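Take a walk through this protein with me. We will stop at a few places and look at the side chains there.

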Amino acid sequence: MAAARAKGLVHLGDTSFRRKDVIAGYHDMLDVLAQFRVDARPWDALTQVEFYGLLRTLAPDVFGSGAEVTEDDAAKRARTYSNALVKLGFVDESQRRITALGTMFAGGGPRRQDPFDRLCSLTPENSAVLRGALTYTEKTDSGRYFPVRLMVRVLNRLDALSTDEFALAFIAGPRAYGVDVDAIVGAVESMRADGRGLDEALTAAERTAEQDHYIDGGAFAAEAFPNGKGPTFTERYRRFLDALTFFRDQPDNGTLARLRRAAADGGTTVKARFDPGRYLPDLKKTGAGPITVHRSARYAGWTDAPADFRRAMVDLFNGSRATALVREYLDNNLRILAATGVISVADDQVRIGSAYARYFFATVDEQLTVVGAAPDDAERAAGPAQWFGPDALARTDARIAADRGIGPDEIEAFVAAAERERFDRLVSAAFPPEDVVGHLRLIGADHRSAAVNALREKAFRGKATVPCMYEYLIGLSLYYASGRAFDPRSAFGLSLDGDFLPISHAPGLRGDIEFELDGRRVLVEATLMDPATQRRGELEPVLRHATNLSCEQPGAQTVTLFVANEVDPNVARIFGFARVMDMAPTDGGSGTASPLIVSICTRDWVDIAAAPLSPVLEMIAAEADRLDVEHLNSEWNADLVETLRGVAAPAPPSSDARESHRMSD
């Protein structure tokens, strides 16, 4: 029995919503929906127009605020843009109201996370994208299927796919070969063995069994040239192909006249499919004879064997639209899959990057149901640890233990070490310390510059916003300055993709960066807010995060660094006085705390971070005991920063060294 074939090409997003930082775009849409869909009004043309107007007003960088848009077009855009959210299950299809999975994605709450998420070091945002992708279904000619689960099974068999192989297997394969892992694996292996590129493989994949019969035998069949417009159109194709074949084989006045009639009678139908004006440039020239027209022909396979010529005509009929769509869908599919946090696309290789996820999906391979009904909202939000049986995690642990020769209590350490090694390998290659310094200097000079935008496109693949890039680079500078002494995946509040590139900000529930070093808790808040807006936008969250973190472990000292391109002096002064105020936590904790907060400009931080982090933090921590009002009203923050810059600066050469250098000159 033949496997069911997908109805269309796979796209996890929507072509109407084209944006490289697609995850940030989804956040923008959900933020507006959360404000907008609070009443009982239906999702109709009127509310769609209203919603799109809000998108343009509240997120102009994404949705534009320039030229006027008609109401009909605004309603259409509201529908098509939000289709991407429907596919991942972040909003329901009929009313575009935010679902539990959408809340998990947008709000960052950890309540729905499970042990699988923890073992893969996923944020709630990563996990929501993964759950949405694994439960996304597409239509086939006999039901529905799960494209991402099918792809995971292919990866379990092949380990990795080049991006071209991924495009064939994931986007076009289910339609061309059926929803069957063996068929798709075979297609990829055939592509590799034959050395075919993507375009050639996609063209071959588009051919149907009926078209193969036409190529082999030459007998025209309506099923080989479908058009969906009725027999009249099919008859025009037949007449043109017959006339073209006779003229190709025997160019004379009679066959030329027949070909001209067939082209004229075929009109736009034949022109769109076989383009005689382009491939027979002399056909319409009244003075051109059969030999002239024949020699001018540019059809592929024109002088080859009959079967080769018929194959070329079939491929021309199929056209390049499918190939163009596959390439159009490719980048967006990869960005969304990478945002799961477990799929890697580094080095032009698509694979399951996360060490634990690799073992988990291999263990539950047979439970990765490919064909089935679309799940409901509750099932989509449940998570991998519940989908594949109550013992899925235990079976995965047993597989790891057997494969690595370790005990059950060593599995978490093995997974953590494997991911830490992968982080250092990928990130150290992409962002070595000297590049981090250079990038921060560039952002510090002008974060709105063309040079920074070029950096975003090149180094960050256009995924992250500039503030998100900044936060990530500050985090890496701390990681390097600490001697790589903390786990950046757990320290960074950012959501990282499957290759550890940032995709969106920390959700706001906690600080931007949190870690421990030498028994001290460290909180870092990084912002590109202008000084004029820092009092409104940064005072409350920084004080709240610093207080909450200090109250979590009252016996441990907590140091908070506020890093910005420019620091408002009043903000720095208020942060300084926090150490003499008893503040209560806002996260349900108990007690009070008086957080120590130091404010540092980017240009100063770059110099300070050149020194080892431990002595820098030690000098900052010494400020905790300086509580007199006169000191707090002084320029202590600026003086401390200057001292820290001095610690980081290289010592001047000694007189002996200077003399030695002079003599060598």
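Start with threonine 123, in the loop between α6 (115-119) and α7 (124-134). The model is predicted, so every value here is computed from it. Is threonine 123 buried or exposed? Its relative accessibility is 17%. Buried means under 20%, so threonine 123 counts as buried.

What does threonine 123 touch, leaving aside residues up to four places away in sequence? The list is Gln113, Leu494 and Ser495. With serine 495 there is also a polar contact. It joins the two side chains at 2.8 Å.

Now move to another loop, the one between α30 (569-577) and β11 (596-601). Valine 580 has its place there. Its relative accessible area is 38%.

Last, look at the aromatic rings. A pair of such rings is described by two values: the distance of the centres and the angle of the planes. How many aromatic pairs are there? The count comes to 36. One of them joins tryptophan 302 and phenylalanine 309. Their centres are 5.8 Å apart, with 75° between the planes. An angle over 60 degrees counts as edge-to-face, so this pair is edge-to-face. Both tryptophan 302 and phenylalanine 309 are buried.

Aromatic residues also form a cluster. Its members are Tyr214, Phe220, Phe225, Tyr237, Phe240, Phe274 and Phe317.

Definitions and conventions. Residues numbered from 1 in each chain as written. Predicted model: local features only at pLDDT ≥ 70, side-chain atom pairs only at ≥ 80, totals over all residues. Heavy atoms only, no water. Helix = DSSP H or I, 4+ residues; strand = E, 2+ residues; numbered from the N terminus. Buried < 20%, exposed > 50% of the residue type's maximum accessible area, 1.4 Å probe, protein only. Polar contact = N/O pair within 3.5 Å; in protein donor to acceptor, adjacent residues only side chain to side chain. Contact = heavy atoms within 4.5 Å. Phe/Tyr/Trp six-rings, centres within 6.5 Å; stacked < 30°, edge-to-face > 60°.
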